[in-house]
Amino acid sequence: MKTYALAAVCFLLAGTPQVLAQDEIVIEMTGDATAAEQASLWDFNAPQLTRRLRGKTREQVLYAVPVVSDKDRIVRGGGKEYALVEYYSGGEFRKFLFKAESPQTFVAAAATAADVLAVNKKYGVNIGLPRRAFENFYEGKISAQGADVLPEGALLYQLLYQDINTPTPINRWFLFEKDELTRTFENETDKNAYLDGLKKQTEEAAEAQRQAQEKAAAERAQNQNRTVRKALISGGTAWDRANLPRVVNPKPLLRRQTQTQDEK
């Protein structure tokens, strides 16, 4: 049985009836009508979302989007705090940045790796980026660096970066740990300083391990060369009594303080 559902292309402008009437379309479909509404979030890119969300509050956006957010947290950067709301579906994501203070108005949106990097750079924050999304978006444009000193599971990529606020391409470096973007280096000096620091830590750890191994080896050799001498104080087996020397005047070693009858 066919069901007719109204799906608003501009799903966040419900407060403006005139605009909404222009953007409404009728979708002919079968099944649950909410499927079209839920899919609408993924039909818009970052510039489109930015135009539609300008002036909206976080509360309005959360109410208008027909699915529950996957992450809702505070991020900090540039001496400021922002509220970050994230939605994920398979390999896709939509991220919305708001001012942290009330009324938490909309700041920026991100739908691709390039959007995330642009938001990070402009506002001095890290709103998060999966390594796979970064690699897929910039395939053929990135090169890995510093593999010889990076810890296990970490990858550092160089990218000739450019966006609307950076018209002249510049080299930037992006560090991923546990498959998530953790640090961005704006220049080669900062990147080299970070790698040199890791190299120094590795060398210091290797030197400490070498010294510990040498000390342990020396202690083992000393224990092996030490002559063990045995002597009897009392008792022992028949062989011990026949072959082992006896301790001379053992009484001082075994003397125990006792009380005489008078002292009691």
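**Exercise 1. Determine which residues Thr 57 touches, leaving aside residues up to four places away in sequence, and decide whether Thr 57 is buried or exposed.**

Solution. 
Step 1. With contact defined as heavy atoms within 4.5 Å, Thr 57 touches Phe 98, Pro 103, Gln 104 and Thr 105.
Step 2. The model is a predicted one, in which local features need pLDDT of at least 70 and side-chain atom pairs count only at pLDDT 80 or more, while totals for chains, interfaces and linings use all residues. Residues are numbered from 1 along each chain as its sequence is written, and side-chain values use heavy atoms, with hydrogens and water left out.
Step 3. Thr 57 is placed in the loop between H3 and H4; helices (H or I, at least four residues) and strands (E, at least two) are DSSP runs numbered from the N terminus.
Step 4. The relative accessibility of Thr 57 is 16%, so Thr 57 counts as buried. The classes are buried under 20% relative accessible area, exposed over 50% and partly exposed in between, with a 1.4 Å probe and protein chains only.
Step 5. One of the residues touched by Thr 57 is Pro 103, which is found in the loop between E5 and E6. The peptide bond from Ser 102 to Pro 103 is cis, with omega near 10°.

**Exercise 2. Identify the buried residues of helix H3 (residues 46–53) and state what covers them.**

Solution. 
Step 1. The buried residues of H3 are Ala 46, Leu 49, Arg 52 and Leu 53.
Step 2. These residues lie on the same side of H3, because they cover an arc of only 130° around the axis. The arc is taken over the directions from the helix axis to the C-beta atoms.
Step 3. Their cover includes helix H4 (58–64), strand E5 (92–99), strand E6 (106–110) and helix H5 (113–123).
Step 4. At the start of H3, a side-chain oxygen of Asn 45 comes within 2.9 Å of the backbone nitrogen of Gln 48. After H3 comes Gly 55, with a positive phi near 90°.

**Exercise 3. State how many of the 11 residues of H5 are buried, and name them.**

Solution. 
Step 1. The count is 8 of the 11 residues, so H5 is largely enclosed by the rest of the structure.
Step 2. The residues concerned are Ala 113, Asp 115, Val 116, Leu 117, Ala 118, Val 119, Asn 120 and Tyr 123.
Step 3. H5 is followed by Gly 124, where phi is positive and near 65°.

**Exercise 4. Classify the aromatic pairs Tyr 88 with Phe 93 and Tyr 157 with Phe 176.**

Solution. 
Step 1. Rings of Phe, Tyr and Trp (its six-membered ring) pair if their centres lie within 6.5 Å; planes under 30 degrees apart count as stacked, over 60 as edge-to-face and the rest as tilted. By this rule there are 11 aromatic pairs.
Step 2. Tyr 88 and Phe 93 are 6.4 Å apart centre to centre with 55° between the planes, a tilted pair. Tyr 88 is partly exposed, at a relative accessible area of 29%, whereas Phe 93 is buried at 3% relative accessibility.
Step 3. The ring centres of Tyr 157 and Phe 176 are 6.1 Å apart and the planes stand at 70°, so this pair is edge-to-face. Tyr 157 lies in strand E8 (residues 154–163) and Phe 176 in strand E9 (residues 166–177), so the pair ties together parts that are 19 residues apart in sequence.
Step 4. Tyr 157 is buried at 9% relative accessibility, and Phe 176 is buried with a relative accessible area of 1%.

**Exercise 5. Find the ring over whose face Lys 95 lies, and the ring over whose face Arg 172 lies.**

Solution. 
Step 1. A charge sits over a ring if NZ of Lys or CZ of Arg is within 6 Å of the ring centre and within 35 degrees of the ring normal.
Step 2. Lys 95 lies over the face of Phe 93, at 5.4 Å from the ring centre.
Step 3. Arg 172 lies over the face of Tyr 161, at 4.5 Å from the ring centre.

**Exercise 6. Describe phi and exposure for Lys 178 and Asp 179.**

Solution. 
Step 1. Lys 178 lies in the loop between E9 and strand E10 (180–185), and Asp 179 lies in the loop between E9 and E10.
Step 2. Lys 178 is not a glycine, yet has a positive phi of about 55°; Asp 179, also a residue other than glycine, has a positive phi near 65°.
Step 3. Lys 178 is exposed, with a relative accessible area of 79%, while Asp 179 is partly exposed at 41%.

Notes:
A polar contact is a pair of N or O atoms within 3.5 Å; within protein, one must be able to donate a hydrogen and the other to accept it, and residues adjacent in sequence count only if both atoms are side-chain atoms.
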